[in-house]
Amino acid sequence: MNPEYKDILLTHSDDIIRKWMDDLEDSKLRDYKSTISDEMIEQVNREFVNLIFSILKDGHSQKSIEQFSERIVNLGWPLGYLTEGMQSFRTICIKSLMEHLDEHDKDGFLQIMEDINHWVDPIKNELVDAYSSNWTSIISLQKVALQELSAPLIPVLDGVTIMPLVGTIDTDRAKLIMENLLDGVIKHRADVVLIDITGVPVVDTMVAHHIIQAAEAVRLIGATCILVGIRPEIAQTIVNLGIDLSKFPTKSSLKRGFEKALEITDRQIVSNGEEKKVIDDIIQSIDKE
Amino acid sequence: MKGALTTVPIIKELDIVGARQSGRNLARDLGFGSVDQARIATAISELARNIYLYAGSGEISFQEVQGASPVGLKIVASDHGPGIENVSKVMEDGYSTSGGLGAGLPGVKRLMDEFDIISDDNGTKIIVVKWLR
Amino acid sequence: MRIPILKLQNYLLVSVQIELDDQTAMQFQEDLLGKIHETGATGVVVDLTSVEIIDSFIAKVLGDVVSMAGLMGAKVVFTGIQPAVSMTLIDLGIHLKNVQTALDLEQGLIKLKQELEEK
């Protein structure tokens, strides 16, 4: 940048900052104003402007740009704050230069524009890049977190295990579910696995396909799969789509599925009659009196 | 360590086993999990058997590649056999000229992430890639 | 290389401890059918715990063994198929529909016994 311009901008930095802060007052953030304290906005604005001036003074610093973007992401402020901030900064700088320079001809103006753009645009681009790459890394972290709670396997009885599925099932998740399911069957030595799809909002051909494949794979390693939690609307879609689930048992509720699992593993729930005995005892003791 | 890793010639039947063992070891070294190792080894087994059955001899080469995902294993199966007459036909499930299950090539396509086949009078080249997730 | 086939009362027990190549698999098919014929066994348990790869050819050989043994009056149960192998088979589109499975050798024997008694 023209050193003359740089000097002017630095000398009048206080003036520029004041105008810029005023400008930012009405910026994108106004939608968020109610939830953010004025001090906070003031403080971040000051960091923003310090960042820009430090770049003007000491040259480019990728690290500080990244740090500032990360801060904005962590605060949950919109990208518009950065872009609008840079936009209005550009305008104010140009105005300020026009005020303090004598060249009011067309060429001079173009020169100023070009110089300022040359200075502002790279900063703006890098801020946007850093902001979006921050977001991307947050999203991928969340994806990992989501996968971790994706497909738990709960052993409830010797040989009976339940896998409750919650949320949408895509191909990646289906693979993960299948791996967890099969490893779990081996680990818990399960004869029967109940897959509960109560929490799966939509069962389309693809989801059904994945579930059928999982059930087939479970059969190959030597266990039985029971699909439970089939709501009426899911039963309707399954039949309307012509999906054939007849190859393995399905039940409407986890309770019914569990009964079926007991049947397969040749077991029964037997009440031990405690309650009746207690009542009999009471009746007997009353009789005695 | 990027680029060509190794090449295994397929000449006799036992080379099928050799090829899939090399493939499995490479997959493990690249960080693939046990399930993907099995997928990769099985795909290699199918490709190697096709070479042995239909072309008599050929080779399978392994490459480490980078792209959509940080690391991938690329496997190229090539031979100078008679070529495949009807490529779209062999990609259909259940189609077999040898009395097998007809799961070979379409199965390989499902086991891997990328699948490409070039076949003419000079032979057949099948390129598959599995990406590390 | 040959896979040993053990006889236990009416059953034949097979534990595949080596990687199956085509030749071994074909040999196994032949040996098992011969043994069924020889012993008149009614049930066979084939344990595949140590098998790391089953491709379409091996799957076909194994599936065929089950059908062939069935023709000779012997039921076959496969046990210990590894999760990775199972998933790979599903990806290949091989479902081994005519094959009975169980978690391990013990469960396999129980299953065979149940099925043979039902008859």
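I began with α3(C). Its buried residues are C:Pro83, C:Ala84, C:Val85, C:Ser86, C:Met87, C:Thr88, C:Leu89, C:Ile90, C:Asp91 and C:Leu92. Buried means under 20% relative accessible area, exposed over 50%, partly exposed in between, with a 1.4 Å probe and protein chains only. That makes 10 of 10 residues in α3(C).

Note on the model: it is predicted, local features need pLDDT of at least 70, side-chain atom pairs count only at pLDDT 80 or more, and totals for chains, interfaces and linings use all residues. Residues are numbered from 1 along each chain as written, chains are lettered from A and ligands numbered from 1 in the order written, and side-chain values use heavy atoms, without hydrogens and water.

Next I looked up what covers α3(C). The cover includes α7 (171-188) and α8 (205-220) of chain A, α2 and α4 of chain B, and α2 of chain C. Contact here is heavy atoms within 4.5 Å. Helices (H or I, at least four residues) and strands (E, at least two) are DSSP runs, numbered from the N terminus. After α3(C) comes C:Gly93, with a positive phi near 85°.

Then I turned to α2(C), residues 56-71. I read 16 residues and 22 Å from first C-alpha to last, close to the 22 Å expected at 1.5 Å a residue. The expected span is 1.5 Å times one less than the number of residues. Among its buried residues are C:Ile58, C:Leu62 and C:Val66. The buried residues pack against α2 (34-55) and α4 (104-111) of chain B, plus α1 (22-39), β4 (75-79) and α3 (83-92) of chain C. C:Gly73 follows α2(C), and its phi is positive, near 85°.
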